[in-house]
Amino acid sequence: MAGQNTYLESDGKSVAVTLSATVEKNQVAYVQGWLGIANQDGVSADVITLSVDRREYQFTVPSGLAVSKGATVYVDVTDLTGHIPDDTAYYTAADTNRVALCKATAAKDGNNVVTGILIGG
């Protein structure tokens, strides 16, 4: 209805999700339509929170994935083991079933780490 008040629900930095598989704290996870970073360990039926904020994180990506500064890293959300993306799920090109994970603020280093702003969600 027009004219109704709007109320703050949360800070929007995380979202509560119910797991259907095991995750570990700090893993990239796709749960209930949200791609983010697990804030705690959990098993099937646990309710945990996923970080979905726009802060800068360090992401470990597969060795075969070339990532340059400014590139967007995507995860194919149909290529998962439980809630966790398989190594073959990471891309730098958009396509069907791919959700943006981060935008690189630095190129991938020799340890397969990309620093980037979380896009997820």
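Two strands count as paired if DSSP finds at least two bridges between them. Strands are DSSP runs of E with at least two residues, helices are runs of H or I with at least four, and both are numbered from the N terminus. The model described here is predicted: local features need pLDDT of at least 70, side-chain atom pairs count only at pLDDT 80 or more, and totals for chains, interfaces and linings use all residues. Residues are numbered from 1 along each chain as its sequence is written, and side-chain values use heavy atoms, with hydrogens and water left out.

The protein chain has 0 helices and 11 strands. Its elements, read from the N terminus, run β-β-β-β-β-β-β-β-β-β-β. The C-alpha atoms fill a box of roughly 50 × 35 × 25 Å along the principal axes.

Strands of a sheet pair through backbone hydrogen bonds, either parallel or antiparallel. Strand 5 is joined to strand 11 (residues 113-118) by 5 bridges, and the two run antiparallel. Within this pairing, T60 has V113 of strand 11 as its bridge partner.

Another open sheet holds 4 strands in the order 1-4-3-2, again with antiparallel pairing. Its edge strands are strand 1 (14-18) and strand 2, and each pairs on one side only. Neighbouring strands of this sheet are turned by 55 degrees against each other on average, direction ignored. For such angles, axes are lines fitted to C-alpha atoms, for helices over the stretch in contact, and values run from 0 to 180 degrees between N-to-C directions.

Strand 2 (residues 28-31) pairs with strand 3 (residues 34-38) over 4 bridges in the antiparallel sense. The bridge partner of V28 in strand 3 is I37, and that of A29 is G36. The hairpin of these strands has 2 residues between them, and Q32 takes a positive phi near 50 degrees there.

The largest pocket holds about 270 Å³ of space. A pocket is an open set of points on a 1 Å grid over the protein atoms alone, where a 1.4 Å probe fits, with protein on both sides within 12 Å along at least five of seven lines; lining residues have an atom within 4 Å of a point. The lining has 14 residues, and N26, Q27, V28, T60 and Y90 lie nearest the pocket centre. Strand 5 (56-60) and strand 8 (84-85) are the elements that give two or more residues to this lining. Strand 5 gives the most, with 4 residues.

R98 sits over the face of Y91, at 3.3 Å from the ring centre. The rule asks for NZ of Lys or CZ of Arg within 6 Å of the ring centre and within 35 degrees of the ring normal.

Key:
Grid points are joined across faces, edges and corners, and a volume is the space filled by probe spheres set on the points.
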